[in-house]
Amino acid sequence: MGEFKVHRVRFFNYVPSGIRCVAYNNQSNRLAVSRTDGTVEIYNLSANYFQEKFFPGHESRATEALCWAEGQRLFSAGLNGEIMEYDLQALNIKYAMDAFGGPIWSMAASPSGSQLLVGCEDGSVKLFQITPDKIQFERNFDRQKSRILSLSWHPSGTHIAAGSIDYISVFDVKSGSAVHKMIVDRQYMGVSKRKCIVWGVAFLSDGTIISVDSAGKVQFWDSATGTLVKSHLIANADVQSIAVADQEDSFVVGTAEGTVFHFQLVPVTSNSSEKQWVRTKPFQHHTHDVRTVAHSPTALISGGTDTHLVFRPLMEKVQVKNYDAALRKITFPHRCLISCSKKRQLLLFQFAHHLELWRLGSTVATGKNGDTLPLSKNADHLLHLKTKGPENIICSCISPCGSWIAYSTVSRFFLYRLNYEHDNISLKRVSKMPAFLRSALQILFSEDSTKLFVASNQGALHIVQLSGGSFKHLHAFQPQSGTVEAMCLLAVSPDGNWLAASGTSAGVHVYNVKQLKLHCTVPAYNFPVTAMAIAPNTNNLVIAHSDQQVFEYSIPDKQYTDWSRTVQKQGFHHLWLQRDTPITHISFHPKRPMHILLHDAYMFCIIDKSLPLPNDKTLLYNPFPPTNESDVVRRRTAHAFKISKIYKPLLFMDLLDERTLVAVERPLDDIIAQLPPPIKKKKFGT
């Protein structure tokens, strides 16, 4: 594996935004997640739970509701009173429409997917018709006295249930009038509360309405008579969310104490046809409020203030030894927020509304393997670059020479020139950037820092020439006719001749930068690309996919390399394929052409192509036999994968020079320490 001096960086003070709501699409097996900063993420559960798309947040966009309609159409609504639809191809917002009811607290699509219902601050329930291009207001239902916090359609589409403060209303969709109003008990732990907030409702096909409220209760109502059937007190705090399985045989609720409860419909006795709802399993995978839950055919999904997205498998409904059989916690984005200037040993950290530039520390001390060396010079915080306006930063990059910084928001593209004089740094913005560079999804500099490559959300790839303090637009590779596919990943060869771009549909295109034309397209693969890089000298393109497969493609020969064909013939080790976090970065050793360096959130790996691949009987994570063994034994037991799990969670790792690595870690305890305090629970004996 070789010995490296490693800079362990833990001053990237990144805290993910809390999760506000989730929406599961059964047709495509995708999950939409909205966060408290307005960011919306799309996870492909069929592609090893990979975060394949995201829409950047906005300060004024507090998303309170998220839903799928008409198959693949995604809508959101929030406290700014607007309903938005997302373009899942171009990765932007199609349009935003004001509902004219004040802040929107809830939203639900009809069972047919052709109508959209929103609940507003002024007590109105508004019905919209979903047309092929937009949504069109149809009518208002009877206005209620307080805000509508939750909505649910009856599976037949004839009635809806609306949760408010202190009561639940049942509406007839055809007439728009309320047919029942059910008052919710304010009793909480034997004490009468002033208000009882109905946080969630679910309307079942047999007419039962399930409600969850701020008094810690799960209640069952008969919608035909408007009466309470059964009540479960499950928490000492709010029950904030509910989701029901498609078969209506189980549902899941989330509480403000961080607990998720699973309810199932089971027979009263072993031979009885009569069934009842029973609380079967509590899960404590969160430290803070569980703000939202979803129910897929094989898992319970939850998210909340502690920023974790948790997938808890239902073991009776999944195959063992499958991806779906493991508990998953997703905390960090599946894209890189850090870029590196190797020449000046600088790191650029991307946050939602600012960038930070740091110079790495240095040491003159020496030691043996595993020693921690004292710093002779501490790391320096050189620059804090704050964005103007309410939009989140989409992507950013620093040039290898350290003289350029570029970043993009939805509406603007920024390019800065940096000058270094001793310990001082000056910054000059390049003015009059062209409008077509805005809303860039990926930015990359060439190895010699003379060219800037920008991938726009409309599918175009722009090449910009940099010289002195100015720029010149050289060329734009346009998407193929009839397609508007956003390019999410870029890789440029060290000699600057080749540019590889990957889109959201897992395709990879390779362009000749000198001749300014499309060179080839890598054969399509079923799983999206998570990382890619072009090797020096050989110009081999190494591609990692979300199913943990790694391919090596020769750009000059337009075919897979012999090593890649051997790997696909023999197959990867089963433990390698069972990893649940995607590879997010690939790099190469300048003096060792047979080495590929890559990492995910929990391991750093060097693949030595000169050594044999491990089979399933070989120890994958223990390639080093005892040091007292002979060289013959060591060579016989060695295989191509050298894996280190010392650094975690690992957000970024790259080679600074032949003997030096930089590793950026973000311990979960540091994130939890910066979150608001959870609800205090009394423990036994205290």
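1. A cavity is here a set of grid points where a 1.4 Å probe fits but cannot get out, and its lining residues have an atom within 4 Å of a point. The model under discussion is predicted. A search of the whole structure returns four cavities of 30 Å³ or more, and the largest cavity has a volume of about 60 Å³.

2. The lining of the largest cavity consists of A535, P536, N537, T538, F588, H589, P590, R592, P593 and H595. Two elements, β52 (585-589) and β53 (592-599), each give two or more residues to this lining. The greatest contribution comes from β53, with three residues.

3. By residue class, the lining of the largest cavity holds five nonpolar, four polar and one charged residue.

4. Regarding the fold as a whole, the secondary structure of the chain amounts to four helices and 57 strands. The chain is as compact as a globular protein of its length, because its radius of gyration of 27 Å is close to the 26 Å that the globule rule gives for 686 residues. The C-alpha trace spans about 80 × 65 × 50 Å along its principal axes.

5. Of the 686 residues of the chain, 57% count as buried. Among contacts between residues at least 6 apart in sequence, 48% join residues at least 24 apart.

6. The domain assignment gives domain 1 (18-243), domain 2 (244-331) and domain 3 (337-363 + 375-477). The centres of domain 2 and domain 3, taken over C-alpha atoms, are separated by 43 Å.

Technical notes:
Residues are numbered from 1 along each chain as its sequence is written. This is a predicted model: local features need pLDDT of at least 70, side-chain atom pairs count only at pLDDT 80 or more; totals for chains, interfaces and linings use all residues. Side-chain values use heavy atoms; hydrogens and water are left out. Domain bounds come from an automatic or database domain assignment. On a 1 Å grid over the protein atoms alone, a cavity is a set of points where a 1.4 Å probe fits but cannot get out, and a pocket is an open set with protein on both sides within 12 Å along at least five of seven lines; lining residues have an atom within 4 Å of a point. Grid points are joined across faces, edges and corners, and a volume is the space filled by probe spheres set on the points. Ala, Val, Leu, Ile, Met, Phe, Trp, Tyr, Cys and Pro count as nonpolar, Asp, Glu, Lys and Arg as charged, and the others, Gly among them, as polar. The radius of gyration is taken over C-alpha atoms; the globule rule is 2.2 Å times the number of residues to the power 0.38. Buried means under 20% relative accessible area, exposed over 50%, partly exposed in between (1.4 Å probe, protein chains only). Contact means heavy atoms within 4.5 Å.
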